[in-house]
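Colleague: Please take a close look at one part of this model, the packing inside the chain. Keep it brisk, and give the cut-offs as you go.

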Amino acid sequence: MATPARSGIRMSAEERRASVIAAAVGEFARRGLDGTSTETIAARAGISQPYLFRLFPTKQALFLAAVGRCFKQVIETFERASEALTGAEALDAMGAAYSALITDSDLLLLQLHAYAASSNPEIRVFVRERYAELVAYVASRAGVGPESLRPFFAMGMLCNVVAALGLQDVQELWSEIDCLPGQETGASPPGAIRRSPTERAPS
């Protein structure tokens, strides 16, 4: 996901900022907030550490920018996947798109690091607000209420764990769900709970 700065090409301040955030996503995903140095991020972005701090005043500010970018990417993915759909069809499309999205280990692991870093009150408030925005977006896009939102987001969190730990091949545990592309557990969309024909889907 993260890419180095374009060598030999003059970049605008906004382009440089985006390049640094992309580099930060990759580094924070692997080592978390405390384990990542700004020196490493600067080197990956192809800039000096002092210049990095001209763009972002603190390492925490850069971490929050990287986390915010990941939440934005999820919303953008959901928007594309659910175009012209509503209700259960929109949720199924977003669930399938999310399952594909979290094959990007940088996005997946940074999301988990964001939750882990939420013992910090400022980070907790930021991540909670971004999560609330995501829930509100899905509710509005699909036109559904809590009865459908709860299982949708619960499945998303389960898929995070399955993907992070590589559990998708443990069929005796996950025979009723499809969390990741390529799983041979059935025909339902990835990220969806398979239901029996007589079971009523959430409305």
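**Helix packing and the core**

Modeller: Start where H1 meets H6: Val-25, Gly-26, Phe-28, Ala-29, Arg-30, Arg-31 and Gly-32 in H1 touch Asp-106, Leu-109, Leu-110 and His-113 in H6. Contact means heavy atoms within 4.5 Å. Helices (H or I, at least four residues) and strands (E, at least two) are DSSP runs, numbered from the N terminus.

This is a predicted model, in which local features need pLDDT of at least 70 and side-chain atom pairs count only at pLDDT 80 or more, while totals for chains, interfaces and linings use all residues. Residues are numbered from 1 along each chain as its sequence is written, and side-chain values use heavy atoms, with hydrogens and water left out.

The H1 and H6 axes are 8 Å apart, at an angle of about 55°. That makes H1 oblique to H6. Axes are lines fitted to C-alpha atoms, for helices over the stretch in contact, and angles run from 0 to 180 degrees between N-to-C directions. Under 35 degrees counts as roughly parallel, over 145 as roughly antiparallel, 65 to 115 as roughly perpendicular, and the rest as oblique. H1 crosses H6 in a left-handed sense. Left-handed means that the near helix is turned anticlockwise from the far one by less than a right angle; clockwise gives right-handed.

H7 and H8 form another packed pair. Their axes lie 11 Å apart, at about 130°. H7 and H8 are therefore oblique to each other. Their crossing is right-handed. On the H7 side, Tyr-131, Leu-134, Val-135, Val-138 and Ala-139 make the contacts; Leu-149, Phe-152, Phe-153 and Met-157 meet them from H8.

Now H7 itself. At 1.5 Å a residue, its 22 residues should span 32 Å, and its end C-alpha atoms are 32 Å apart, which agrees. The expected span is 1.5 Å times one less than the number of residues. Its buried residues are Ile-123, Phe-126, Val-127, Arg-130, Leu-134, Tyr-137, Val-138, Ala-139 and Ala-142. Buried means under 20% relative accessible area, exposed over 50%, partly exposed in between (1.4 Å probe, protein chains only). The cover over these H7 residues includes H1, H4, H5, H6 and H8. Arg-130 is buried, with a relative accessible area of 16%. Leaving out residues up to four places away in sequence, Arg-130 touches Gly-68 and Phe-71.

The nonpolar residues lead into the core. A nonpolar core is a set of buried Ala, Val, Leu, Ile, Met, Phe, Trp, Tyr and Cys residues joined through side-chain atoms within 4.5 Å. The largest one has 51 residues, and Val-20, Phe-28, Leu-62, Phe-63, Phe-78 and Leu-110 touch the most other members. Helices H1 to H8 each give it two or more residues. H4 (59-81) is among them, and the largest share, 10 residues, comes from H4. Follow Phe-78: beyond its neighbours within four places in sequence, it contacts Met-94, Tyr-98, Leu-134, Tyr-137, Val-138 and Phe-152. In soluble globular proteins, nonpolar side chains tend to be buried together.

Met-94 and Tyr-98 are among the buried residues of H5, as are Gly-87, Ala-90, Leu-91, Ala-93, Gly-95, Ala-97, Ser-99 and Leu-101. H5 has 15 residues and reaches 21 Å between its first and last C-alpha atoms, close to the 21 Å expected. Asp-92 also lies in H5, but is partly exposed at 32% relative accessible area.

The loop between H4 and H5 holds Ala-84 and Thr-86. Ala-84 is exposed, with a relative accessible area of 79%. Its phi is positive, about 70°, although it is not a glycine. Most residues other than glycine have a negative phi. Thr-86 is exposed at 57%. Thr-86 and Arg-141 are 55 residues apart in sequence and 6.9 Å apart in space, C-alpha to C-alpha.

Last, the whole chain. It has 9 helices and 2 strands, with the order α-α-α-α-α-α-α-α-α-β-β from the N terminus. Of its 203 residues, 44% count as buried. Among contacts with a separation of 6 or more, 58% join residues 24 or more positions apart.
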